[in-house]
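Here is a short briefing to read alongside the structure. Have the model open as you go through the points.

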Amino acid sequence: MTDLTSRKDAALAAIAAAPSLDALDEQRVAALGKKGWVSLELKTLGAMSADERKQAAPAIQAVRSDIAEAIDARRAVLEAAALEARLASETIDLTLPAPEKPKGSIHPVSQVMDELAEIFADLGFAVAEGPEIEDDWHNFTALNMDETHPARAMHDTFYFPEEDGAEHRMLLRTHTSPVQIRSMKKQGAPIRIIAPGRVYRSDSDATHTPMFHQVEGLVIDRDIHLGHLKWTLETFFKAFFEREDIVLRLRPSYFPFTEPSVEVDVGYSNEGDRRVVGGHGDDEGYDWMELGGSGMVNARVIEMVGLDPAEWQGFAFGLGIDRIAMLKYGMNDLRAFFDGDPRWLEHYGFSPFDQPTLSGGVGARA
Ligand code: FA5
């Protein structure tokens, strides 16, 4: 027992005197490491009789926790001292001139969001926002997907743990469509908005990532029909890709919140490892890329937000921003968008001074 006490006192003294974090760690390993002396003492308990163990264990445990506490305390002191020393030695001279070439760059997704907003603003759309942490009522139920609707399962949703007594289950929004609901409830009709933002699904390959970006569009007014939707999408894509020869394919599809529903594909060709829009996707050398979903807002959704579907109709669309960025700026793997590799950003990023404007051209000169 005395031996234990004297070894403990020696260890505590060495810990208190440890001059650096490395030296402190050596002390930790010597005492509490796998082969440290305290750990070996603890192991001797296994060979003792139950009575002996009752006697010996509390003393060894106490030594262990005293030493662990002393190490934590010494570590805090050493870390604080290291920080102080760094703060004292690192200074920034704010009077020095900035480097000629700014280091930061605008991520292609941010660039494309700015471009979208510029084009849609010119068409009379306002920008709306909604929360990324949503409830299942806005993300699903109000969009005509009740609890049992099979489309819920297709969204690969990230749910938060269920909370007792909570009215709604919380989740990471799987699409920007809940912003339709929030905007209509808040603003009523008529309405003309886009809602760009992050969405989340448990999904990953070259064209799918667990977090990606969509832009929702919503127009509610009197006498709106499918022709307005087609014109809006065509006008947008021509302005966005800065080409007249864009070929869109509207494919009959199904979304619970639109009726009828159409999926939007655009024709493109592979030039080297770049995908370039244009041409009819069924022609030789061309293919179709799915950019998003759309349709006429389902009358049930209009009712759900308290509007009268006999008076108000409209269309909505949801486009994958990352996908249209890939097509415009020639990237071929979506996962690289979110790796945070500065070399990728240097290559594909945009100058912060190059604001997209319709008059100056929405396409950035990288
Ligand atoms: C929707 O999310 C619907 N909310 C779109 C919509 C809005 C339809 C309004 C009707 C009216 P969908 O799951 O198909 O639909 O996704 C839309 C687009 O998001 C896809 O076409 C694709 O461009 C993009 N997208 C979907 N999943 C991913 C992913 N994991 N990574 C990157 N982009 C994706």
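At 47% relative accessibility, Ile 133 counts as partly exposed, a class that lies between buried (under 20% relative accessible area) and exposed (over 50%), with a 1.4 Å probe and protein chains only. The model is predicted, so local features need pLDDT of at least 70 and side-chain atom pairs count only at pLDDT 80 or more, while totals for chains, interfaces and linings use all residues. Residues are numbered from 1 along each chain as its sequence is written, and side-chain values use heavy atoms, without hydrogens and water.

**Around the ligand**
- The ligand is surrounded by 25 residues, and His 175, Ser 177, Arg 201, Gln 214 and Glu 290 are the closest.
- Glu 290 has a polar side-chain atom 2.7 Å from an oxygen atom of the ligand.
- In the side chain of Ser 177, an N or O atom is 2.9 Å from a nitrogen atom of the ligand.
- For Arg 323, a side-chain N or O atom is 3.4 Å from an oxygen atom of the ligand.
- The protein buries 95% of the 680 Å² that the ligand exposes when taken alone (Shrake-Rupley method, 1.4 Å probe).

**His 213**
- His 213 is found in strand β5, residues 211-221 (strands are DSSP runs of E, at least two residues, numbered from the N terminus).
- His 213 counts as buried because its relative accessibility is 6%.
- Beyond four places away in sequence, His 213 touches residues including Val 109, Met 113, Leu 319 and Phe 338 (heavy atoms within 4.5 Å).

**Ile 133**
- Ile 133 lies in strand β2, residues 133-135.

How values were computed
Helices (H or I, at least four residues) and strands (E, at least two) are DSSP runs, numbered from the N terminus. A residue is near a molecule or strand if one of its heavy atoms lies within 4 Å of it. A polar contact is a pair of N or O atoms within 3.5 Å; within protein, one must be able to donate a hydrogen and the other to accept it, and residues adjacent in sequence count only if both atoms are side-chain atoms.
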